[in-house]
Amino acid sequence: MLVIIDYGMGNLRSVYKAFKRIGAEVEISSSPETIAAADKLILPGVGYFKTGMQNLNERGLVQLLNQRVLIDKVPILGICLGMQLFTSHSEEGDAEGLNWIHAQTLKFDFSGTQNSLLKVPHIGWNSIAWNKPHFLLENINQNEHFYFVHSYYVKAKEQENVLCSTDYGITFHSALTKENITGVQFHPEKSHHMGMSLLKNFIEKS
Amino acid sequence: MLAKRIIPCLDIKNGRTVKGVRFENLQDAGNSVELAKWYANEGADELVFLDITATNENRGTLLKLVKEVADEVYIPFTVGGGIRSVEDVAEILYAGADKISVNSAAFNRPKLITEVATRFGSQCVVLAVDAKQINGEWMVYLNGGTLPTQKKLFDWCKEAVEMGVGEILFTSMDNDGTKNGFANNALCWLSENLNVPIIASGGAGSMLHFLQAFTVGKADATLAASVFHYKEIEIKGLKKFLSQHKIEVRI
């Protein structure tokens with residue numbers, strides 16, 4: 001069973017429906033028992049980083065997720081804020097993350113640069129360049145467009161954890177990978193056919 | 001690079017699309033969900049649903065539609081028409097819309113913008129504004145373009161951005177329905193002076209008009225209804241044309 005983790009950060013309905021559409025057996029849950037029994041996990045979410053971590057803590061999920069992801073090696077896909085929470089630290093609320101991947105979550109700040117006219121949040125369809133073959137990207141072409149909505153971005157320390165990069169004023173890391181852990185900054189559930197392909201790859205190949 | 005967006009607009013009355021025509025593989029053009037799916041497959045980057053009846057009695061029908069679209073269409077969409085309070089916004093966003101658009105209600109009570117932006121973020125607040133030129137000055141009109149105001153387009157847009165609007169959907173009443181092209185001068189001013197994306201609306205008649213809205217008008221997105229609904233322009237062909245003219249689009 002695929003479990004979408006509900007920790008009070010945004011509407012999870014579109015993520016749920018997208019997995020349903022591709023025929024996945026999926027459940028939305030905040031229950032530790034359900035998460036403990038999951039074969040695969042999704043950490044979605046939109047909103048404030050610090051609140052996201054607080055919500056995971058309040059629901060007693062941090063330790064459980066560490067166990068499931070770092071020790072049991074259950075495949076997990078983070079989406080948007082979900083992926084950002086995998087990093088060590090975020091400038092959003094100056095908060096510590098799950099620290100699964102050596103990476104920082106930073107704010108887009110173009111003031112005083114030649115890109116000062118660039119708009120934040122970064123909203124819309126932008127292209128991803130993948131740095132290496134990966135099961136998540138099977139049947140997905142280089143420079144394919146995905147739908148983004150975010151004001152903070154992720155920068156990984158180790159190049160081996162960078163799965164995709166995207167340009168918006170700067171080059172940021174739009175997907176991360178480390179063993180059983182994968183995360184995407186964009187919203188596959190809003191990225192039409194390409195998004196469905198990516199979710200399908202996660203279900204079938206992780 | 002961030003792609004320029006093509007957005008079909010669907011007018012909704014009692015949960016059904018009006019003004020639609022019958023496409024191949026589409027039995028019922030009035031079925032909003034089917035039409036939305038069809039547009040998503042044609043390459044639309046986003047959809048805008050405008051509830052043109054927008055009465056309280058129709059609220060339930062609209063919310064049901066929003067849920068169905070969210071369940072079955074996997075691209076972002078905006079819902080507008082008759083939104084007057086944060087509660088109205090909450091209902092529509094919880095039903096699965098990505099953004100809402102406000103027009104007259106925000107003009108009459110600008111604080112609405114801040115209330116929504118604070119609770120749900122600026123990224124989901126679109127200001128829809130209708131304007132036309134009076135003695136060379138762009139003036140704001142309300143209530144679907146029927147009620148003139150004393151407010152200049154640029155002043156209102158600037159104010160709305162300061163209040164927390166995340167995007168502006170500007171319809172030129174002078175251009176709307178003419179099929180002579182978008183109001184590129186006004187668009188360009190808005191794009192260069194406001195730090196939010198600008199969606200151009202009103203006047204699309206040919207593929208060249210879309211190109212000009214991006215090159216001359218510097219718009220981030222273009223919205224049209226009839227040229228898409230009556231299939232005078234097909235989105236796939238339009239995107240190919242734009243791409244040949246070096247506009248970044250999602251193909």
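## Chain A, chain B and their salt bridges

A:K190 and B:D98 form a salt bridge whose closest N and O atoms lie 2.9 Å apart; the term denotes a side-chain nitrogen of Lys or Arg within 4 Å of a carboxyl oxygen of Asp or Glu. The model is predicted: local features need pLDDT of at least 70, side-chain atom pairs count only at pLDDT 80 or more, and totals for chains, interfaces and linings use all residues. Residues are numbered from 1 along each chain as its sequence is written, chains are lettered from A in the order in which they are written, and side-chain values use heavy atoms, with hydrogens and water left out.

Between chain B and chain A there are four salt bridges. There are also 16 residue pairs in polar contact between these chains, both residues being at pLDDT 80 or more. A polar contact is a pair of N or O atoms within 3.5 Å; within protein, one must be able to donate a hydrogen and the other to accept it, and residues adjacent in sequence count only if both atoms are side-chain atoms. On the side of chain B that touches chain A, the elements giving two or more residues are α1 (32-42), α2 (59-72) and α3 (86-95) of chain B. Helices (H or I, at least four residues) and strands (E, at least two) are DSSP runs, numbered from the N terminus.

The interface involves 32 residues of chain B in contact with 28 residues of chain A, contact meaning heavy atoms within 4.5 Å. The two chains bury about 2,400 Å² between them, 52% of it on carbon and sulfur atoms. In chain B, the residues that lose the most area to chain A are B:L2, B:Y74 and B:R250, together 31% of what that side buries. Buried area is the accessible area (1.4 Å probe) that two parts lose on being put together, summed over both.

Over all chains, the count comes to 22 salt bridges. Three further pairs are listed below.

| Pair | Closest N and O atoms |
|---|---|
| B:D71 and A:K17 | 3.7 Å |
| B:D45 and B:R250 | 2.9 Å |

B:D71 counts as buried at 15% relative accessibility, whereas A:K17 is partly exposed at 25%. Buried means under 20% relative accessible area, exposed over 50%, and partly exposed in between (1.4 Å probe, protein chains only).

The pair of B:D45 and B:R250 links distant parts of chain B, 205 residues apart: B:D45 is in the loop between α1 and β3 (47-51), and B:R250 is in the segment after α10 (235-244). B:D45 is buried, with a relative accessible area of 1%, and B:R250 is buried at 10%. By contrast, B:E159 is partly exposed at 28%, as is B:K151 at 26%. A network of salt bridges links B:R5, B:E46, B:K99 and B:E167.

Chain A itself has six helices and 13 strands. Its C-alpha trace spans about 50 × 35 × 30 Å along the principal axes, and buried residues make up 56% of its 206 residues. Within chain A, A:T177 is located in strand β12 (residues 170-178). A:T177 is buried, with a relative accessible area of 5%, and its side chain makes a polar contact of 3.3 Å with that of A:H134.
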